[in-house]
Amino acid sequence: MKNTVDTFRRQKERGDKITMLTCYDYSTAKLMDEAGINSLLVGDSLGMVMLGYPDTLSVTMEDIIHHTKAVSRGAQNALVVGDMPFMSYQVSVDRAVENAGRLIKEGGAQAVKLEGGVTVAEQIRAISRASVPVVAHIGLTPQSINAFGGFKVQGKSIEAARALVEDARAVEEAGAFAVVLEAVPASVAEAITKALLIPTIGIGAGRHCDGQVLVYQDMLDLFGNLKPKFVKVFGDAGGVMRAAFASYIEETKSGAFPSEEHSFIADAGADIGAEILAEPESDR
Ligand code: KIV
């Protein structure tokens, strides 16, 4: 059954944890969907893990739409969330609504995500009023790394924790149906989770959130550039891929691949090539 905004709400009520992974392509979306994931986030992390940028700031609307289309085609049941890139919603409320609409109309997403709390509450309110469900994202918001001075845990001091609670309340009040809490102390995430009616989805925010999200390259050890403390490797796909690439190179060079099993035979039989070469060139 298709996961919806309502599924998220009921899961929080029942204490059934919401599962979300980032996803950027059709084949992986199908695999995750078949595994029973609740939601696929086409995150702007694609700038780093798919496109090789040092951060998420260069990602464009076109990048996100392109990948959201592919994920939407592979996701039968999972709720697809398209991430709003840097400067696609900060400039004005109108631009925010317009760009959120593009992720739904062109990308095929069922919801959008944007970073920020109190400062983007008006954008969340306007997008929600336009019938586009919004996931908010507070704590370590990677689009603000220049303002934060790097990828740093947020909400560690009592003042910072209070500000986070204020952000969480603001996004809920503005109409967000869920909120991602990134890199915040577990006790602060627990307090926010208890204070809100909407579900919290944690990444580096401890076990008390209503759900969890991870970047799939991180949980499969496919991306070596950055290893945050909160990442658990659930499968060594990186190791499996490295070994497979090495075998392919070795077998191709040795001639072991392709064998007969992976070759075609002409109707006229296996010797047809030799027969053609034996013919005088004028007959070919
Ligand atoms: O872009 C992304 O992948 C994200 C997740 C880390 C929540 O925002």
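Q: What makes the largest nonpolar core a core, and which members touch the most others?
A: A nonpolar core is a set of buried Ala, Val, Leu, Ile, Met, Phe, Trp, Tyr and Cys residues joined through side-chain atoms within 4.5 Å. Here that set holds 57 residues, and Leu40, Ile124, Ile127 and Leu181 touch the most other members. Helix 8 (residues 158–174) gives the most to this core, with six residues. Apart from it lies another core of 14 residues, including Met20, Ala111, Val180 and Ile201.

This is a predicted model: local features need pLDDT of at least 70, side-chain atom pairs count only at pLDDT 80 or more, and totals for chains, interfaces and linings use all residues. Residues are numbered from 1 along each chain as its sequence is written, and side-chain values use heavy atoms, with hydrogens and water left out.

Q: What is Ile124 in contact with, leaving aside its neighbours within four places in sequence?
A: Contact means heavy atoms within 4.5 Å. By that rule Ile124 is in contact with Leu114, Val134, Ala136, Val171, Ala174, Gly175 and Ala176.

Q: Why is Leu31 called exposed?
A: Exposed means over 50% relative accessible area, buried under 20%, and partly exposed in between (1.4 Å probe, protein chains only). Leu31 comes out at 59%, so it counts as exposed. You'll find Leu31 in helix 2 (residues 26–35); helices (H or I, at least four residues) and strands (E, at least two) are DSSP runs, numbered from the N terminus.

Q: Why is strand 5 (residues 134–139) said to be largely enclosed?
A: Six of its six residues are buried, so the rest of the structure largely encloses strand 5. Val134, Ala136 and Ile138 point one way, Val135, His137 and Gly139 the other, and all are buried.

Q: How do you know that strand 4 (residues 111–115) and strand 5 pair?
A: Two strands pair if DSSP finds at least two bridges between them. Strands 4 and 5 have four, in the parallel sense, so they qualify. Lys113 has Val135 in strand 5 as its bridge partner.
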